[in-house]
Amino acid sequence: MTQKILVIDDDASLRRVIEYNLQDAGYQVLSAANGEEGVVLFAEEAPALVISDMKMPGMDGMQVLKAIKARSPEALVIMITAFGTVDVAVDAMKAGAYDYITKPFNRDELRLTVAKALQFSGLTVENRRLKDELADKADYRTIVGSSKGMDRVFEIVRKVADTEASVLITGESGTGKELVARSIHHHSGRCNAPFVAINCAAIPRDLLESELFGHVRGAFTGAIKDKTGKFQLADGGTLFLDEVGELPLELQPKLLRALQEKVIEPVGGTKEQRLDVRIVAATNLDMDKALADATFREDLYYRLAVIPIHLPSLRERREDIALLLRYFCGKYGAGSVVFDNDATAALNSYRWPGNVRELENLVERLLIMRSGETITIDDLPDKVLQGGMVSCSSINSGKVVNLPDGGYSLEQLEREVVTEALERTGWNQTAAAKFLCIPRHTLIYRMEKYGIVPTSNTTT
Ligand SMILES: Nc1ncnc2c1ncn2[C@@H]1O[C@H](COP(=O)(O)OP(=O)(O)OP(=O)(O)O)[C@@H](O)[C@H]1O
Ligand SMILES: [Mg+2]
């Protein structure tokens, strides 16, 4: 089998030299001219090895390394460093790079480093591949995102995956809670044991207990034989308690006991069973409210949320929208399809109440309905255009401002409008100016006038 190598370097001539040399040595080579593109290609193509330059404009080699490692801790990465920058190379190795190669290097050095790395990881990679083939269809390896918010999520996932700690994932519907739960299991020492999911909100209350803990024959009318519960099925592995916020109050003590003492008792049974199950739970309910309303026990909450992970909504990480659009086009076999500027702008400023799931469904639909390789604003559904960014010529005269009765300062209003436009466009001045239908210099003038600067967790 030909092995795939991804080369990420902004220097086109060096990239071509590496490409040529590795192809000549029998590898299949993919290349990316910058870090961002590289990370997307990595997610799409799952290459056996990545060779990345350290110094690149935009996302540099270290950021690429971290992004790749956060998604795939076992990824094999070789860094290209400039002569005399050993410190940087050492940092990269600490961050998980397998090796580095110093510029200038010759053909043999390159091939040897590559061969050594692939040989070393051959066994692990092969194991992983076989296991992936057997694993269920959900593509839990690919969690797309390069926003600060998702980076934080990847960081926590990486740190907690291989521990026993219970994890509670919160976030709006469609933000990827189940994907993250699967990823935690997949990156844990339990990955060869089952990942069992149960949706606490979807099962009728009186059946839920036996679904979770099993029952013995004769436990209740209709219990004609013993039933194995999800807990038993997940023994040695991970139990994903989805919508845990909806767990009926009367079942909560039993779950607490299972968590604390690691023993369960099937319904109608008299014998306790000792089990080894790691719990990952998720909910899109406001848990603070559930605690305040006493619909959820505080002691159970703290047991479940040893490690809380909050998934940001898509509108809080608009910079991921473009990545996700590309990723899903690829996933649905239409990697060459592009979105024109107006369509991109509209999608960037849409609210996405259904988050990534909504975006994925929309892409799937657009790809089926499209007439060519370019998606334009005309292809987008009305709901995306209403309240989204449309080209200025097509704005209709719907009213968007409701002034308070006591009056309002025009300057304050202008400041708020400019700030929101910048936030919505990820502080991209060109896009924000377009959003406001003003020239960029006018926007910059307003920003200076009101002293509007990016908040600390955004970039220009
Ligand atoms: N960051 C992401 N990268 C790639 N795909 C994603 C991402 N986030 C979500 N998805 C996809 O979006 C869909 C919804 O994700 P998931 O089921 O994990 O969401 P959820 O938070 O559990 O939603 P709900 O609360 O409605 O159950 C899935 O098809 C998932 O693969
Ligand atoms: Mg879910």
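The model is predicted: local features need pLDDT of at least 70, side-chain atom pairs count only at pLDDT 80 or more, and totals for chains, interfaces and linings use all residues. Residues are numbered from 1 along each chain as its sequence is written, and chains are lettered from A and ligands numbered from 1 in the order in which they are written.

**Sheet**
- Five strands form an open sheet in the order β7-β8-β11-β6-β12, with parallel pairing. Strands are DSSP runs (E, at least two residues), numbered from the N terminus; two of them pair if DSSP finds at least two bridges between them.
- β7 (195–199) and β12 (307–310) are the edge strands, each pairing on one side only.
- On average, neighbouring strands are turned by 20° against each other, direction ignored.
- β6 (residues 167–170) pairs with β12 in the parallel sense over four bridges. Threonine 170 has histidine 310 of β12 as its bridge partner.

**Ligand 1**
- The shell around ligand 1 holds 16 residues; the closest are Ser173, Gly176, Lys177, Glu178 and Val356. A residue counts if its C-beta atom, placed from the backbone, lies within 6 Å of the molecule.
- Helices α7 and α15 (355–369) each supply at least two residues of this shell. Helices are DSSP runs of H or I, at least four residues.
- Why does ligand 1 lie between domain 2 and domain 3? Domain 2 (148–310) and domain 3 (327–398) both give residues to its shell, so ligand 1 lies between them. Domain bounds come from an automatic or database domain assignment.

Definitions and conventions
Axes fitted to C-alpha atoms, helices over the stretch in contact; angles between N-to-C directions.
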